[in-house]
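Keep the structure open while reading.

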Amino acid sequence: MSEKRLSGEVFYPSEDVISKAHVKNWEKLNKEASENYEKFWEERADELHWFKKWDEVIDDSDKPFYKWYKNAKTNIVYNCLDAHNQTHRRNKLALIWEGENGEFKTMSYFALHRETCKFANVLKSLGVKKGDRVTIYMGRVPEIVMAMLACARIGAIHSVVYGGFSVESLHERIEDSQSKVLIVADGAYQRGKIVPLKAIADEALQRAATVEHVLVVKRTGEPVNMETGRDLWYHELMNLPIASQKCEVEVMDSEDPLFILYTSGTTGKPKAILHTHGGYMVGTYTSLKYVFDIHEEDRYWCAADPGWITGHSYIVYGPLLNGTTSFMYEGAPNFPYPNRWWSMIERYGINLFYTAPTAIRGLMRWGNAWVNRHDLSSLRILGSVGEPINPEAWKWYNDVVGGGKCPIMDTWWQTETGMFMITPMPSVPLKPGSGTKPFPGIEMDILDEEGTPVGPNEEGYLVIKTPWPSMIRTIYNDPDRYVEQYWSKYDGVYLTGDSARRDEDGYFWIIGRVDDVIKVSGYRLGTAEIESALVSHPAVAEAAAIGLPHDVKGNAIHTHVILRVGVVPSDELKEDLRKHIAHEVGPIAKPEKIEFVDSLPKTRSGKIMRRVLKAKALGLDPGNLSTLED
């Protein structure tokens with residue numbers, strides 16, 4: 001650690017935190033990785049099992065279609081399950097699960113291996129083989145983890161569709177992936193109600209010609225339509241002789257596809273992001289181990305959904321690769337009361353907790369009392385994902401949830417990156433609202449329109465300059481779109497689509513999507529910057545900012561504000577908020593309009609859908625709303 005004092009508000013790690021950390025000297029590790037990133041990633045890969053080692057670490061002969069661990073043979077599931085079953089971890093808990101209705105299950109590594117093998121044999125009996133696509137459409141239940149692992153074990157490519165997506169979104173993804181099997185739950189519990197997943201799937205399947213079999217997992221027990229010859233009950237097949245608990249793993253090339261996962265843009269059809277067995281395995285294993293400082297005795301909870309990349313990397317694969325115990329909860333954070341999360345952290349002794357700023361702000365709105373009634377002393381490290389966390393929420397998370405002793409790992413990454421890209425580690429000094437610096441072995445920069453690096457505290461396009469193991473390999477069946485989307489703006493440089501700035505200490509600050517920047521009178525203002533200013537006001541719980549056309553300014557700022565419990569909306573408060581923003585950001589950022597609302601349109605992963613607010617304000621069609629939470 002450098003002795004240099006950093007500028008701004010800084011939270012320094014305690015000696016106790018540093019002494020326990022896998023990485024005690026981040027700067028030394030980063031220097032070694034920067035000097036030879038191939039050697040760094042080769043040493044990390046050496047910690048995992050390979051049936052055959054690589055001929056070369058990286059093949060860049062066909063840029064930007066990079067290949068990692070060329071000609072190596074592996075299977076990510078062997079490292080997630082089989083490798084642990086040959087050690088003392090065999091009887092260690094792999095998964096602890098709580099249903100929204102209070103049900104409870106645990107699975108050891110041995111049990112998860114057994115059930116995954118049985119599930120894999122069931123899929124084989126349905127004709128699923130290496131390279132086939134299987135769509136998975138479920139809530140947060142243990143079977144979704146087993147379904148993903150069972151596919152990967154036999155070399156099938158899984159395509160998980162989030163359980164909140166609509167008929168059209170599910171159909172579109174099945175059609176694009178040409179899946180031959182759909183694994184679906186009869187329903188899912190959400191805030192005490194049942195989401196009819198099977199009924200949604202039935203409608204989607206009316207137009208999906210490729211699906212031959214539908215495997216139905218019984219979760220709610222509600223009556224569902226079962227089409228003869230197509231639909232089969234999972235629990236019935238799992239009790240037949242075909243579901244043997246012995247299933248050899250398919251030996252996969254490092255570059256064989258592991259999964260596709262669709263990301264929704266504001267326009268155009270969703271992009272099918274393709275990840276592979278070898279590089280993705282090394283990236284997720286290494287990043288989770290170092291950033292959340294995984295130790296043998298830890299209990300880890302990522303409160304995302306397996307249907308998103310956060311769930312793939314840091315609920316399913318990353319934790320299992322590290323042999324840790326994961327907790328999974330089915331329902332909403334505030335159901336039936338706002339202390340649901342805190343009660344489970346206390347009850348299960350969670351050490352490592354990873355969630356989204358939206359959830360933090362939502363729970364912060366209920367005040368400190370719901371948190372303080374629980375003993376959260378087991379917590380050691382906190383994490384944040386999904387969007388920039390405003391300093392006000394960061395401090396509440398740090399002080400109230402973490403008791404001032406738990407470093408917050410504020411992570412920036414994407415579906416396309418597969419792993420954390422900008423992130424601290426527990427031994428790194430933290431600045432509220434900054435993700436600190438790139439992960440070792442990752443070189444990132446901020447460029448202007450012409451491709452020149454910008455100066456300190458200047459805004460520009462966030463780019464990645466070196467390849468990394470868990471990088472997107474292509475857009476499935478659309479390589480031209482992959483090149484156009486990510487590699488066409490600057491030669492040989494990956495464009496993230498986010499804008500950012502870097503301070504005088506080299507800390508990165510994500511401003512937001514390039515399309516989430518409002519240009520007012522020639523000044524570029526990030527929506528995140530305006531929203532952070534609003535949320536720093538004691539009356540405000542959450543906020544969203546959009547730019548609307550203005551005759552003089554080009555764009556004017558319009559904001560939607562959710563007030564804290566007990567705060568009464570008024571014109572006086574609106575004026576106070578306008579003055580507050582002018583003080584925090586500058587007079588140019590004063591909103592033209594402030595509207596008090598009870599809720600904001602958000603995706604299931606917690607991102608505010610500003611385009612919906614914009615379309616509504618302009619009287620336009622908001623487009624596909626299937627990704628909305630409500």
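## Nonpolar cores

The largest nonpolar core has 140 residues, and Ile-183 and Phe-292 touch the most other members. Such a core is a set of buried Ala, Val, Leu, Ile, Met, Phe, Trp, Tyr and Cys residues joined through side-chain atoms within 4.5 Å. Buried means under 20% relative accessible area, exposed over 50%, partly exposed in between (1.4 Å probe, protein chains only). Helix H6 (residues 142-153) gives this core its largest share, 9 residues. Helices (H or I, at least four residues) and strands (E, at least two) are DSSP runs, numbered from the N terminus.

A second, separate core holds 30 residues, including Trp-341 and Met-364.

## Model basis

The model is predicted: local features need pLDDT of at least 70, side-chain atom pairs count only at pLDDT 80 or more, and totals for chains, interfaces and linings use all residues. Residues are numbered from 1 along each chain as its sequence is written, and side-chain values use heavy atoms, with hydrogens and water left out.

## Strand S17

Strand S17 (residues 325-329) has 5 of its 5 residues buried, so it is largely enclosed by the rest of the structure. Thr-325, Phe-327 and Tyr-329 point one way; Ser-326 and Met-328 point the other way. In a regular strand the side chains alternate between the two faces of the sheet.

## Neighbours of S17

S17 pairs in the parallel sense with strand S4 (residues 93-98) over 4 bridges. Pairing requires at least two DSSP bridges between the strands. Ile-96 stands opposite Phe-327. Strand S16 (residues 299-302) also pairs with S17 in the parallel sense, over 3 bridges. Here Tyr-300 stands opposite Ser-326.
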